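Here is a short briefing to read alongside your structure viewer.

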Amino acid sequence: MIARRIWRWLLAILVAGWLPVILITWWWKSSATSDNPFFPPLELIWEQFKLNWVFTNVSIHLVPSLENLFTGFAIAVVVGIGLGALIGTSAEAARYVEPIVDFFRSIPPVALVPVFILLLGLDSGMRIASISFAAAFPILISTIEGVRQTNAVLLDTAKVFRFSPARLLWQVRLPNAMPVVFGGLQVGLQIAFIVTVASEYLGSGFGLGAFTLTATDTFNILDAWTGVVLLGLLGYALSLVFDLVERISLGWYYGQKKLA
Amino acid sequence: MTTPAISIRDVRMDYPSPEGVKHVLDGISYDVTDGHFVSIVGPSGVGKTTLLRLLTGLAQPTGGSIEVRGEKLSGSPKGLAVVLQDYTRSLMPWLTVEKNIALPLRSEKLSRAERRDRIESSLAEVGLEGNQKSYPWQLSGGMQQRVSIARALAVRPSILVMDEPFASVDAQTRFDLEDLVLKVRDDFHITTIMVTHDIDEAVYLSDEVVVLYGKPAKVSEVVSIDLPFPRSQVATRNDHRFAALRTRIYEKVRGLEAPTQP
């Protein structure tokens, strides 16, 4: 039983991993003799990566970025789900708020960073505000949609149980909406990541965005590459963790889908 | 004469529709005797489910009144439990069986031990011991409907209302569930009202069968089912009176006149 499980894991890793392994090997080999200053050998990038990120610059550049990212995303989750639940439950609220929501969500998230700088200055408060503002919209939209989808039978059942509006929302509408909400959370997290980096391009000496941009501006190509590699790894790790959290939280949903 | 469990007085129900007001129910009056099993039958679309929604407080009648134990109905009354046809959608798929059953108990002030006991005794009553930790969607259709019956029983209702509860299960399961609700009714002395399109089922289970007919619907007949209890799927259904009652109700549901006696 356990042996079979381990075997299945190994197989999954093999299936998912063969292409990355080939690509990295190819990059490594083909760049080995490169003298193009913009495309240094991967081996050099790797050496520099270890020098930069194990663990010298972590507290200066990685930690502030992650702090902003997580704080901003957390605010977006609370605001997005909270407002979404409200708007999704009340048709009245939806009529008033939805046009504004539609307008703001149509603005490319990164374009708002300069506006936030004007309003809030150049500290991490501005960055967190930009991140949460941009990431809140997909979460908001999906929550509105998910909460609205509650089927009539569930609502009748709750009514017979004489649930208060708060309990109805908390114990019926929101859990029922979670599969849809998670779709919005995933997009929100991606946007939060993008805005985290973009917000550091302007007026910051710290953070991964600032590090990479400064490296590029000073023709420190190796450093720039290590920044890009780290961002890639980070984004990938974020999505892995997200998938894991989703699988666990929505165990009932995936279990049901598997049987259907 | 004791107060009836439910008293339906001249109930009317109109819906606004694109073609003007649609009259669904027109002056329904009927008393449900305490402890009785009553089935509501009638042709498709006659308004059976509408009447049931009024009885459960899920909708308000346009006219007339409904009293539950002498009190005028407004909203869903305490002590009333409902089992709906669509168990796949009335059970919460994100909750385990025991948490589903616990759901209506939260509004009652119960100690932890009492709650545990309610859940376990309800599950035992419907023959689902040991399935506490399963999710509803891991169970068969018949078992899911047993869970919704257990959930209804957990609040110790005095009135149980069921909307075509066995319409989506196979025939064998259906017989089992029919006998289950008869047992439940006996064990807890619950007044039970069931909407069904199955006349045999109505005759088999009921003390009285109410036939709705017409557009808008009226009570066209109340048939008293004088078959002896306990009922048995074999003996009761083979009783010649069973056939006679079924024929009589069938004719009423189809709007046929009873054949004149020679």
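From the N terminus on, the elements of chain A run α-α-α-α-α-α-α-α-α-α-α. That makes eleven helices and zero strands in chain A, while chain B has nine helices and ten strands. Please keep in mind that this is a predicted model.

**Chain A overall**

- Along the principal axes, the C-alpha atoms of chain A fill a box of roughly 75 × 60 × 25 Å.
- Chain A has 260 residues, and 33% of them count as buried.
- Take the contacts in chain A between residues at least 6 apart in sequence: 75% of these join residues at least 24 apart.

**A helix pair in chain A**

- Helix α3 (residues 58-89) and helix α6 (residues 124-148) of chain A are worth a look together, as their axes come within 6 Å and cross at roughly 35°.
- The crossing of α3(A) and α6(A) is right-handed.
- In the contact of α3(A) with α6(A), 19 residues are nonpolar, ten are polar and two are charged.

**Helix α7 of chain A and the residue after it**

- Which residues of α7(A) are buried? They are Asp156(A), Thr157(A), Ala158(A) and Val160(A).
- These buried residues of α7(A) pack against α8 of chain A, and also against β6 (80-83) and α2 (87-90) of chain B.
- Arg162(A) follows α7(A) and has a positive phi, near 55°, although Arg162(A) is not a glycine.
- You will find Arg162(A) in the loop between α7 (152-160) and α8 (165-200) of chain A.
- Is Arg162(A) buried or partly exposed? Arg162(A) has 15 other C-beta atoms within 10 Å, so it counts as partly exposed; being buried would take 20 or more.

**Chain B overall**

- The box filled by the C-alpha atoms of chain B, taken along the principal axes, is roughly 60 × 45 × 40 Å.
- Buried residues account for 42% of the 262 residues of chain B.
- For chain B, 69% of the contacts between residues at least 6 apart in sequence join residues at least 24 apart.

**Nonpolar cores**

- The largest nonpolar core has 79 residues, and Ala150(B), Val161(B) and Ile249(B) have the most contacts inside it.
- Helix α5 (residues 141-154) of chain B gives the most to this core, with six residues.
- Leaving aside residues up to four places away in sequence, Ala150(B) touches Ile101(B), Ser122(B), Leu123(B), Glu125(B), Val126(B) and Leu128(B).
- There is also a second, separate core of 39 residues, which includes Ala135(A), Leu174(A), Val195(A) and Ala198(A).
- As general background, nonpolar side chains tend to be buried together in soluble globular proteins.

**Where the chains meet**

- How many residues does each chain bring to the contact? Chain B brings 16 residues and chain A brings 14 residues.
- On the side of chain B that touches chain A, nine residues are nonpolar, five are polar and two are charged.

**Backbone details in chain B**

- The peptide bond between Lys215(B) and Pro216(B) is cis, with omega about -5°.
- Pro216(B) sits in the loop between β9 (208-213) and β10 (218-224) of chain B.
- Another cis peptide bond runs from Phe229(B) to Pro230(B), with omega near -10°.
- Pro230(B) belongs to the loop between β10 and α8 (235-238) of chain B.
- Arg156(B) is not a glycine, yet its phi is positive, at about 50°.
- The loop that holds Arg156(B) lies between α5 and β7 (159-163) of chain B.
- Arg156(B) counts as partly exposed because it has 15 C-beta neighbours inside 10 Å.

**An exposed strand residue**

- Ser224(B) is part of strand β10 of chain B.
- Why is Ser224(B) exposed? Ser224(B) has 9 other C-beta atoms within 10 Å, and a residue with 12 or fewer is exposed.
- Ser224(B) and Glu120(B) lie 36 Å apart in space, C-alpha to C-alpha, and 104 residues apart in sequence.

Note on methods. Residues numbered from 1 in each chain as written. Chains lettered and ligands numbered in written order. Predicted model: local features only at pLDDT ≥ 70, side-chain atom pairs only at ≥ 80, totals over all residues. Core = buried A, V, L, I, M, F, W, Y, C linked by C-beta atoms within 7 Å. Helix = DSSP H or I, 4+ residues; strand = E, 2+ residues; numbered from the N terminus. Contact = placed C-beta atoms within 7 Å. Nonpolar A, V, L, I, M, F, W, Y, C, P; charged D, E, K, R; others polar. Axes fitted to C-alpha atoms, helices over the stretch in contact; angles between N-to-C directions. Left-handed = near helix turned anticlockwise from the far one by under 90°.
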